[in-house]
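These are my notebook entries on one protein structure, written for someone who has not seen it before. I look at the overall make-up and then at a few parts in turn.

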Amino acid sequence: MKQRMVFKCHNCGMGRTLANFLKDQDPNTYSEYQLEKYRNNATGKATTVAKVVVPSSKPRFSKKPTSGLVNIKDLNNEHLAKKYLLDRLIPEEKIGCFYYADKFKRWVNTQKQTFESLQNDRPRIIIPLIGEDGTWFGIQGRSLAPTSTLRYITVMFEDRLKLFGQNNINPEETVYVTEGPFDSTFITNSVAMCGSDVDHRSLPYRSRVWVFDNEPRNRQIVERMQRTVDQGDPIVIWPNTIKQKDINDMVLKGLDPSAIIKGNTYQGLQAKLKLTDWKKV
């Protein structure tokens, strides 16, 4: 009996085949995966092998590929994308960091051939991943559909660290590493991880504080926090009195996450003790 690998998110309950998961999350790896299946003749019954797209050796994206996009700060306050950010209380001066694409897949394909089918092409907020040199090396597309099963789609133009906000920080000062781009807009001198595959050891900042979501029952988050503590980095352990799961939710409840972070950053043995008390798995 042939075995098929299946992805399941124990946080939201979504399940997908490995091929479909790779296709949505990492098109480059998906193409390599399909090619490998061809090599192994894995093209029989009940096996789906899509057409392999060989990317051009000449990249088509520009340093700042905003053609076809609208900066959200220029939209009417009642526009779906801007209203979403305003309702989340994203600081007004940070709204200009985000863009809007009416046809997400179509726009992505103008930068990098990623989607073979444009079916169900819907609008998304574009979260640009910009390096210190100002180059867009990737993007995240945030769905505006409340019932979307795939809220974020990441597309990389270059092989770089999946970090949002690198172009807006002072790397010589303490850098706060948050879990989400929107969360990072509330914390001074912060970046955001755009994927759980960010290797802690690869971050170039000498002084850094890790700010994970407040989800003590999420095994994946707890394991990542444990690795951070084990490697000796400073980390925020949220007090038990905080019930909101992330920084944005804390802001919506009228809390000051910067003050909470300042008073609950730990390292070494103290971090290990605090993490043991905080986690619920």
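I began with contact, which I take to mean heavy atoms within 4.5 Å. Among contacts between residues at least 6 apart in sequence, I found that 58% join residues at least 24 apart. I note that this is a predicted model, in which local features need pLDDT of at least 70 and side-chain atom pairs count only at pLDDT 80 or more, while totals for chains, interfaces and linings use all residues. Residues are numbered from 1 along each chain as its sequence is written, and side-chain values use heavy atoms, with hydrogens and water left out.

**Entry: overall make-up**

I looked up the secondary structure and found nine helices and 13 strands; these are DSSP runs numbered from the N terminus, helices being H or I with at least four residues and strands E with at least two. Of the 281 residues, 44% count as buried, a word I use for under 20% relative accessible area, with exposed for over 50% and partly exposed in between (1.4 Å probe, protein chains only).

**Entry: the sheet**

I traced an open sheet of five strands, in the order S3-S4-S5-S6-S7, with antiparallel pairing; two strands pair if DSSP finds at least two bridges between them. Strand S3 (70-71) and strand S7 (152-156) stand at the edges with a single partner strand each, so one side of each has no neighbour in the sheet. S3 and S4 run antiparallel and are joined by two bridges, and I saw that Val 70 has Tyr 100 in S4 as its bridge partner. Helix H4 (residues 104-111) packs on the sheet and touches S4, strand S5 (124-130), strand S6 (136-143) and S7, its direction making about 170° with that of S6. For such angles, axes are lines fitted to C-alpha atoms, for helices over the stretch in contact, and the angles run from 0 to 180 degrees between N-to-C directions.

**Entry: aromatic rings**

I counted six aromatic pairs, where rings of Phe, Tyr and Trp (its six-membered ring) pair if their centres lie within 6.5 Å, and planes under 30 degrees apart count as stacked, over 60 as edge-to-face and the rest as tilted. Why is the pair of Phe 98 and Phe 182 edge-to-face? The ring centres of Phe 98 and Phe 182 are 5.2 Å apart and the planes stand at 65°, so the pair is edge-to-face. Phe 98 lies in the loop between helix H3 (80-87) and strand S4 (99-101), and Phe 182 lies in helix H5 (residues 181-184), 84 residues apart, so that the pair links distant parts of the chain.

I then followed Tyr 84, which lies in helix H3 and is partly exposed, with a relative accessible area of 22%. Not counting residues up to four places away in sequence, Tyr 84 touches Ile 125, Arg 142, Leu 144 and Phe 182.

**Entry: nonpolar cores**

I looked for nonpolar cores, sets of buried Ala, Val, Leu, Ile, Met, Phe, Trp, Tyr and Cys residues joined through side-chain atoms within 4.5 Å. The largest has 52 residues, and Ile 72, Phe 98 and Trp 238 have the most contacts inside it. Helix H6 (residues 219-230) gives the most to this core, with four residues. A second, separate core of 15 residues includes Ala 101, Trp 107, Ile 139 and Phe 157.
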